[in-house]
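Please find below a colleague's note on the model under review. It is arranged as numbered points for reading alongside the coordinates.

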Amino acid sequence: MSAVERVLAELKNDPVFAANVSQWQEIPAREGTYAPLPSDLHPRLRATLEAGGVRQLYNHQADSYRAVRSGRDVVVVTPTASGKTLSYNLAILQELLHRPEARALYLFPTKALSQDQQAGLNLAVEGGELGVKVATYDGDTPDSVRASARETGQIIISNPDMLHSGILPNHPKWIKFLGNLAFVVIDEIHTYRGVFGSHMTNVVRRLRRITEFYGADPTFICCSATIGNPRELAERIIGRNVELIDNNGAPSGAKHLILYNPPFVDRVQGIRKGVVQEARALTLRFLKAGVKTIVFARSRLRTELIAAYIRRSLENVYTDHGRINVEAYRGGYLPSERRAIERGLRDGTVQGVVSTNALELGIDIGGLDAAVLAGFPGSISSSWQQAGRAGRTRNLSVAVLVASSSPLDQYMVKHPHYFLGRAPEQGFVDPDNLHILISHLRCAVFELPMKPEERYAPQSELYLQHLEEEGTVRLSAGMYHWSDRSYPAESVSLRSATADNVVIVDSTNGEYSVIGETDRPSAKEVLFDNAIYIHRGEQYVVTELDLENRKCLVERTDVNYYTEALVKRDIKVLHEDETRHAGGSRLVLGDILVRTQVAKFKKIRFQSHENVGYGEVSVPEEEMHTRALTIVFDPDTRAGGALRELDPAMRVPAVVRIGTLVKNVAPVFLLCEATDLRAAERLKDPHFGQPCLYIYDGYPGGIGLAEAFAGQLEPILAAALSLVRDCECSEGCPSCVGPRDPQEEIDGNPKEAVSAFLAAWLSVSDADAEPAQAQDG
Amino acid sequence: MAHDLAGRIRLLRQLRDSRLTRPSTADEEPESGPSPQTGPIPVAGEAAAPPPTGFSALADGVWGRVIRLAAPQLAQVVRRGSVLLPAADDAAARAASIRFFDLETTGLSGGAGTKVFLAGVGVLEEETLRVEQLLLADLGAEPAFLDQLALRFPEDALYVSYNGRAFDAHQLKTRFLMNRRVHSLQFHVDLLYPARRLWRSVLSRCSLAELERSVLSIRREADLPSAEVPERYFAYLRNRDPAALEPVFAHHYHDIVSLSWLFITMDEILRRPCAWLARSEVPFDAVQAAVWLLSHPRAADRRFEAEELLNAVLRDEDRASDERVEAGLLLGTCHKRAARPHEAEQVYRLLYETFRDPRVAVELAKQLEHHRRDPAGALEVLEAVDLQGCPRGVTDDIEYRTQRLLRKRDRGRALHG
């Protein structure tokens, strides 16, 4: 009996645990489906494969080989551990062996991934003595090897950021590589959605302009995790039709998937045991039984908290902490720290890791047996990716989703058919977001002058005219030329709304060492003076946030609380673009200006999570121009009527709660984070003169979330209604409409009011409450 | 700029929306580009713009001017051949084609979007330096501009620049590539590298401007800082007022002329370093000058000057001890390489007796032990060294040698005793 089998049997027989399991699903092992090695395979490549024990291919590998060999662009949908890399390496190595002057570019979303990839490729290449030159080219590549990478690298492994700011603006240095570029691999293409994807689409547009200039037309090979619309997403990003290959032929070991809802502490107030403590307890159980475990937490803070709690529980000097080594892992760590942790996981010196979604992607961390999802990761496709990090080998594995009390989590554990039966969310990009498009248009003109009629993007001539007015481009001899001394790629970050990051400096004992960085708007919310910042389990207190110099000084400290900012927002409508009547209400799409101000922060005690004090914050306000969908409750609409049915004192609380609900449910329908979408309510809106609910995009200029939300309004509201109805609490709890707030001073039951309001709005009777079915991809 | 983007976007959206709702034109002009033009497209604004003072049109969108200046000294240096130029069979022929060049660009960060807008080349014609400056009148005229540059920058001529290897030559190559042409300078001497040898330890910076002041004793009146150059050009593109460029032309012209003078001065110094050292009107790092001469492709021809220079530094009691020790160590190495062990020992002995420097002690001990076969003398030298403040590597070396010599002595005593 393996360790996993033992611990699963123990959990099954534990009545306390079993009572909180809402679903225990056994996903059976899967047999593989195979195809022979292609007959035209280069003898040396065949020999390398056979030496590595590969005598046949999985179906999807053989299919992508055939498609790529015949020059078709493909997207290969690959679950974790399905031999993804071979599905593109095979056709590419084959070409490089026959045509050594050909070149291939591999793009991975993170640097960590590209390093792992090179390690794998080097192995194959050196092992088989294929003589194919592979080079990594990213921010960590020393200057001394860059020139030789450009000149001789047949496969260059890089990331979109480097392509954007290093390669494309200097393309004349890359003439040999780009002029012979035959393949572009875009791995983990499902990560390129929303803001990042919109940037990526533009980077690919720019790449294609440059390769065309040099007379090359590379084939694109994309790989995606299971999402609702991999083909559509890939076609948007590369701007061409692609062939979908999703006949996964890889075998997989059996997996137990457990949906676990922590028990109530206070049933009336709907308070459940916290996800942090429950995840800690469960992880300890796994680790002590000898099961290598990965824990995924939803935030950097929680990652640090859970890792610290687990370590504290294992603390014992006599047993060397049970000889169990647990690490935290997240963005914001230095690359060397991350590499060390990855290595520890592979070589077995680290038995447990608590990570943000940073480890969700295919970084090789070896075989783990259990995955604990401390909270629903925000999307079904992410959940499967995270669950897939356990059981990369053919062995039995287990994944447990520990639900938090957030409405989305509660919805998932109470509606397992959603989680298990539904096609995952769709990824979408909006490459023509004004901010994003204009930024990349500047870069594109810098790279190569542009004719007014060139179809860089729809209507791009208009934007060029705008850039001409701005003075950064100049029309001369029928072409737009870059006419500014700056280097435009430098001021465009693909990862965030703003390019400027704040560097976090540890100044304990007068030493100055950089321990991390964060973008400026978040800095205002997490690095205000006196905030507690947690890094690798160490607590630091912010001594000085210097926004002007993009620097934040922190010092090591030891306190029993952490801090959370209280944010105030103010909304101004700038422009109404479109008004629709749908779903029993008036919907207005348009531009708004949101002003955000952090004025105070809360101190929250560890373990008990109680509020132990407040502090003042003084940071300048942040302004954002974005897109919003406003739901206007006019008296003559069904929604407006439903609102007016409510007791006047109940109206504000009800609208506030609906805002909370829809914001939390929306990520099920739109592939976005709950924080990408914001909600704000006004009982008497100064602009519309009516009660309103604003749902707006969290990214400057908007990335299409407001529009997408408008299209899905009814299923989102229906899901909100079923969530409220199915919740076991009596007057509202964090899992549905939020707990009662004593400061509101309302009589009556707000939860019932919300339920009645939504039912009347959607005109469904109390009897036939059906869980909403979202549109499948 | 970020601040008024909101307003811009408003405008853009309105524009876009009004276009989208104009049904007929959308069908007629699916590409929404401007109406196709026939014939060659004139360079915007060029016709209306007056040429800058002294410039005349070389091609559509390309202005040029020539300034001549008497350069008998330069002619002399070129005629007799310069130490700064590479040694090749056809060196004399190539030296006759020597070109001093400098470029001004629209930005300093490089990359495909940075253009060369002003190129200057100084060619020796008999006893005069003919400096030609070429101006790109507008960005779209680049192909014609490059045609003119190709004529004035033949690939096989010999080029002299200051910091042109890392920047200017690269920019030039990029501009040609961007216009689908291949053009690169094959013979290029960048004075920055020997200049760094001569003056890095003497001057605060080694920029051309600094050398002009300190070495050439030239004072420029109201010179334009390099950082302001791109802005001037963009202002000219916007306003078409050539007056904005006058300071750029002057700055650029002076850079090329100074470059030729710097070439003459550096040639003089490196040709007769001892004489320059004695005159001491232009201070330079003599030891590094010797290093440069010894690493010269024709080092054999330069060895005599180098050794003479090192010897002068070594024996000049007014000089700092560090400098004298460095010179002596290098001179000792020269003697050893030339199989003159006695001269080497003399140098080390002199240094040892004057300074007791540990590194010198090591060298002297080696000479004594291996050439004079005098281990006892070597041991004596090593034991007399003051190790205080001595670098770790040297201490270890001394310790190791002392121990070895001690063992050798003990073995000798045992045999005889």
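The points below take up conventions and confidence, then chain B, then selected sites in chain A.

1. Conventions. This is a predicted model, in which local features need pLDDT of at least 70 and side-chain atom pairs count only at pLDDT 80 or more, while totals for chains, interfaces and linings use all residues. Residues are numbered from 1 along each chain as its sequence is written, chains are lettered from A and ligands numbered from 1 in the order in which they are written, and side-chain values use heavy atoms, with hydrogens and water left out.

2. Confidence. The predictor's confidence in each residue is given as pLDDT, from 0 to 100. Chain A has a mean pLDDT of 85, with 90% of its residues at 70 or more. Residues 765-777 of chain A have pLDDT below 50, and this stretch has 27 contacts in the model beyond near neighbours in sequence; a contact means heavy atoms within 4.5 Å. For chain B the mean pLDDT is 85, and 86% of residues reach 70 or more. In chain B, pLDDT stays under 50 over residues 1-5, which have four contacts beyond four places in sequence. It is also below 50 over residues 15-40 of chain B, a stretch with 18 contacts beyond near neighbours in sequence. Where pLDDT is low, the predicted coordinates should not be read in detail.

3. Chain B overall. Chain B contains 18 helices and seven strands, where helices (H or I, at least four residues) and strands (E, at least two) are DSSP runs numbered from the N terminus. Of its 417 residues, 49% count as buried; the classes are buried (under 20% relative accessible area), exposed (over 50%) and partly exposed in between, with a 1.4 Å probe and protein chains only. The accessible surface of chain B is about 20600 Å², and carbon and sulfur atoms account for 51% of it; the areas come from the Shrake-Rupley method with a 1.4 Å probe. Of the contacts in chain B between residues at least 6 apart in sequence, 66% join residues at least 24 apart.

4. The sheet of chain B. In which order do the seven strands of the open sheet lie? The order is S1-S2-S5-S4-S3-S6-S7 in chain B, with mixed pairing; two strands pair if DSSP finds at least two bridges between them. The edges are strand S1 (56-59) and strand S7 (187-190) of chain B, each of which pairs on one side only. On average, neighbouring strands of this sheet are turned by 30 degrees against each other, direction ignored. Strands S4 (residues 116-125) and S5 (residues 128-136) of chain B run antiparallel and are joined by eight bridges, and Glu125(B) is opposite Thr128(B) in S5(B). Helix H10 (residues 246-271) of chain B packs on the sheet, touching strands S2 (62-70), S3 (99-105), S4, S5 and S6 (158-161) of chain B, and its direction makes about 150 degrees with that of S3(B). Axes are lines fitted to C-alpha atoms, for helices over the stretch in contact, and angles run from 0 to 180 degrees between N-to-C directions.

5. His251(B). This residue lies in helix H10 of chain B and is buried, at 4% relative accessibility. Its side chain makes a polar contact of 3.1 Å with the side chain of Asp223(B). A polar contact is a pair of N or O atoms within 3.5 Å; within protein, one must be able to donate a hydrogen and the other to accept it, and residues adjacent in sequence count only if both atoms are side-chain atoms. The side chain of His251(B) also reaches the backbone oxygen of Leu224(B) at 3.1 Å. Not counting residues up to four places away in sequence, His251(B) touches several residues, including Glu104(B), Arg220(B) and Val229(B).

6. Helix H17 of chain B. In H17 (residues 375-383), Gly377(B), Ala378(B), Leu379(B), Val381(B) and Leu382(B) are buried. The buried residues of H17(B) pack against helices H15 (341-355), H16 (358-371) and H18 (392-416) of chain B.

7. Asn170(A). The residue is in the loop between helix H8 (160-167) and helix H9 (175-179) of chain A, and is buried, with a relative accessible area of 17%. The side chain of Asn170(A) reaches the backbone oxygen of Gly166(A) at 3.1 Å. Neighbours within four places in sequence aside, Asn170(A) is in contact with Tyr487(A) and Gly111(B).
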